[in-house]
Amino acid sequence: MTVSASSAAKPPVDRKPLPNQSNAPPTKSSPHSHQKTNRPQPSRFKLTYDIVMMIAISIDLLLISIDAILMSNFSTNVAGWLTISDGLNWYQAVIHDPLRTAGGFFTILLIVELLIRWAVAIKQQIYYRWFFFPFIHWYEVLGCFPQLRALRLFRAVVIGRRLYQLGYQVLPQPWLNRIKFYINLLLEELSDRVILTTIHNYRQQLTDPKTQQSLIESTIARNRDEIEATLLSLLRQELAPQLHKFNGQSEAGNLLASEVGNAIQEGLANTPELRRYLRMIPIAGSLIESQLLHIGHNVGENVVHSINKRLLDSERIDSLMIAIAHGISHIETNNSALETLIATIISDSLSEFEAQIKVQQWKNQDLLKF
């Protein structure tokens, strides 16, 4: 007869099994039968009562709406334009008062029906406390007031929803699909307006230097460990392979060693004192000069290979990257370049998010194609 809130309903009392059922073997049931037993089916009386009340409330609301329209100034102007003022005046003089009286009797009927259901709920102890009923069925209580009769629509909707959950087709499926579509449309538009307003206010707060500085400091302070771990992961992924290229007999390492050897050889060749002293040695001076330049080139290559082997060791490189990541993560936030960078990133992220919010997803649905 009514929809009870699961949070306020009392839990079922455990009952002991009967003696002839204690040793009975469990019967195997299908998934559909198990699903039906989980949700208790209403009696035929309650089902018929809900349908009758939904129809009565719908008719009452329809009559109230028609009466409100026909009694408005807009209807008077339209009737004068269509030259049917006599019919409208007859309705306002003859039908309006009896219709209001019938509406008053229906309101009294709803109040009596609500009190009876409240008494039944108290007797059956449906809720933990007797006074929970009017709070759970607040829309029915407020709908009893003539000024708030539109809230009676909530009860009709609740009854229709319960009947739909029980498997009864209250409205045609195309109508339900369109109702869901417009509800989702309304919720999407409202949520978009709220989010866009929040983004606009947040942008205004970011223009304040103090707010911006506080945001940057709090963000970096809360995520220093994550920043350090991310930087270390990037360094190990990108920098370590590049440094390892100079270690061993790789192409980059050989190129660096060769260039250093050529630089030493060129430096020895461009030393005039060395050439002058070597030329003082008869016959063997030019040979010694040539061998010395060759030795200088080999020394440069060997020095580079030795330095790479010692300095580009895996453990040394990893410790160096750990120190770099730790130093960057603990950088001073009072830095104009850092503030500009973070502010730009935040602004671009907000712009992308705002552009995504402005996309109206409901326009892509087929229900708009009439």
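Is the crossing of H2 and H7 left-handed or right-handed? The crossing of these two helices is left-handed. The legends below concern a predicted model, in which local features need pLDDT of at least 70, side-chain atom pairs count only at pLDDT 80 or more, and totals for chains, interfaces and linings use all residues. Residues are numbered from 1 along each chain as its sequence is written, and side-chain values use heavy atoms, with hydrogens and water left out.

**View 1. Packing of helix H2 with helix H7.** H2 and H7 pack at an angle of about 145°, and their axes lie 9 Å apart. Helices (H or I, at least four residues) are DSSP runs numbered from the N terminus; axes are lines fitted to C-alpha atoms over the stretch in contact, and angles run from 0 to 180 degrees between N-to-C directions. A crossing is left-handed if the near helix is turned anticlockwise from the far one by less than a right angle, and right-handed if clockwise. Contact (heavy atoms within 4.5 Å) involves, among others, Leu47, Ile57, Asp60 and Ile64 of H2 and Arg152, Leu153, Ile159 and Leu163 of H7. The contact residues divide into 12 nonpolar, 2 polar and 5 charged. Here Ala, Val, Leu, Ile, Met, Phe, Trp, Tyr, Cys and Pro count as nonpolar, Asp, Glu, Lys and Arg as charged, and the others, Gly among them, as polar.

View 2. The side chains of arginine 152 and aspartate 60 meet in a salt bridge, at 2.7 Å from N to O. This pair links distant parts of the chain, with arginine 152 in helix H7 and aspartate 60 in helix H2, 92 residues apart. The structure holds 6 salt bridges, each defined as a side-chain nitrogen of Lys or Arg within 4 Å of a carboxyl oxygen of Asp or Glu.

**View 3. Packing of helix H2 with helix H4.** The axes of H2 (residues 44-70) and H4 (residues 85-124) come within 10 Å and cross at roughly 145°. H2 passes H4 in a left-handed crossing. Residues that meet include Tyr49, Ile57, Asp60 and Leu70 in H2 and Leu88, His96, Phe106 and Glu113 in H4. By class, this contact has 11 nonpolar, 3 polar and 3 charged residues.

**View 4. The largest cavity.** The largest cavity has a volume of about 80 Å³. On a 1 Å grid over the protein atoms alone, a cavity is a set of points where a 1.4 Å probe fits but cannot get out, a pocket is an open set with protein on both sides within 12 Å along at least five of seven lines, and lining residues have an atom within 4 Å of a point. Grid points are joined across faces, edges and corners, and a volume is the space filled by probe spheres set on the points. Ile57, Glu113, Arg152 and Arg155 are among the lining residues. H4 provides the largest share of this lining, 4 residues.

**View 5. The second largest pocket.** This pocket has a volume of about 560 Å³. Of its 17 lining residues, Val157, Arg161, Leu171, Leu176 and Ile179 are the closest to its centre. H7 gives the most to the lining, with 7 residues.
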